[in-house]
Amino acid sequence: MSALNTRVSILALACAVSSYSVMAEDSSLTNPNISAVLDGYYQTGDRPLAERAEGFGLGETELALSANIDEMFYGKVTAIIESHDGETELNLEEAFIQTLAMPYGLSVRAGRFLSDIGYLNNQHLHTDSFSDRPAAYRAFLGGHYFDDGIRLNYVAPTDLYWTLGVEAFKGESLRAADAHGERDFDNLGVYSALTKMGGDIGIESSWQLGLSYLRNQNGQAYAEDEHNEEEEGHDEEHAGHSHSASYTGKNTYIADVVYKWAPNGNYKYQNLTVSGEYFRVTDIFAMEPGHIVEADHEDISSDDYHQGWYVSSVYQFSPRWSAGIRYGQVDTYEVHGDHLHPQQLKESEVSLAWHSSHFSTVRLQYTHQTGTNFDGFEDDNILTLQYVMSLGAHGAHQY
């Protein structure tokens, strides 16, 4: 009996040592990365489709935990704390696992995560060079689109960087208006396909091109729903807090381009980033099943579409200072009575940021906005003073 106990004790000790050895090879197995991001601001006015309101406020306070689960899987959880109209909300932005050792350049991500469509969407808001996302993102993706689903990615074994991906999501935040709560939405509502390609130009420059397609099974708005929403103050809802898209359609096409430059390839002291994206959302309206098309909706056509775009340039001219300019525009439609109202929003922005370190930014931004048929908003000049501070370990930013 004593010999048996000795053998069991030795076996247990061997397993414990082996387990500790595996964890020691990757410190994140025993010491997960824990981080927080603080975002506060003062703003002199309201902006259409934006979450930041006039006056003092907090942006997204981010709490994140990530680690390699083992040699096969990585996991991450990101919670967002937000304050709006005197109320504090806790949202789960990310809770996913990702494979680490699949063959042939494949990887799978499952759970809740940021979609990889477009250029900015897979990046957290605190990494942006401006206080808010471009108007196109706010209108068509609710600022940034995250959802419950699965993604399959493939990185091709080519000299140029080339990746392809497909995604499937629940799609709740991209559902069209449902004024009566009677629509039978698909539970698996959003599918996307994307490709990105990039490379270097010498040692100082690099580039990336991307194309994305998003199929939204629940994206077409019924004309009657849009009319009812308008009567109940639809525009005011657009101005309020929501991570849902304000304008949806069945098909969304996105093209993006990025160019980066740094002297001798050293991004620490100086660097330039120029980027732009174009969105087109088609098949935006449909007639309710069984509804007879009447003359009062004769202006609604299957050819109607929303579109938006932006172009930006950010130059870090010293290790602690950067400046950026951005112009963006969205052109959308809403049903008003017996006809469509075209809407247009234009934003010209200039920002100046001071970076005490890689973990802290204080930003002053000027925005000139002009809008057509956005109820409750006027042409305005807005100043925003913002701070973004990171605490704890934080992963590398996307390209």
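Which residues have the most contacts inside the largest nonpolar core? They are F140, Y145, F279 and V330, in a core of 34 residues. The structure is a predicted model, in which local features need pLDDT of at least 70 and side-chain atom pairs count only at pLDDT 80 or more, while totals for chains, interfaces and linings use all residues. Residues are numbered from 1 along each chain as its sequence is written, and side-chain values use heavy atoms, with hydrogens and water left out.

A nonpolar core is here a set of buried Ala, Val, Leu, Ile, Met, Phe, Trp, Tyr and Cys residues joined through side-chain atoms within 4.5 Å; buried means under 20% relative accessible area, exposed over 50%, and partly exposed in between (1.4 Å probe, protein chains only). Two or more residues each come from helix 2 (135-140), strand 9 (190-201), strand 12 (251-261), strand 13 (271-282), strand 16 (321-336) and strand 17 (339-357). Helix 2 gives the most, with five residues. These elements are DSSP runs numbered from the N terminus, with helices (H or I) of at least four residues and strands (E) of at least two.

F279 touches A136, Y137, F140, L141, Y253, I254, H306, Q307 and G308, when residues up to four places away in sequence are not counted. Contact means heavy atoms within 4.5 Å. T252 is buried, its relative accessible area being 9%.

The whole structure contains nine aromatic pairs. Rings of Phe, Tyr and Trp (its six-membered ring) pair if their centres lie within 6.5 Å; planes under 30 degrees apart count as stacked, over 60 as edge-to-face and the rest as tilted. Y145 and F169 form an edge-to-face pair, because their ring centres are 5.4 Å apart and their planes stand at 75°. This pair links distant parts of the chain, 24 residues apart: Y145 is in the loop between helix 2 and strand 7 (146-155), and F169 is in strand 8 (residues 161-169). Y145 counts as buried at 1% relative accessibility, and F169 counts as buried at 1%. The pair of Y315 and F317 is tilted, since the centres are 6.3 Å apart and the planes lie at 45°. Y315 is partly exposed at 31%, and F317 is partly exposed at 37%. Ring pairs also link F113, Y145 and F169 into a cluster.

Charged groups also meet rings. R280 lies over the face of Y305, 3.8 Å from the ring centre, and the charged end of R326 sits over the ring of F130, 4.4 Å from its centre. The criterion is NZ of Lys or CZ of Arg within 6 Å of the ring centre and within 35 degrees of the ring normal.
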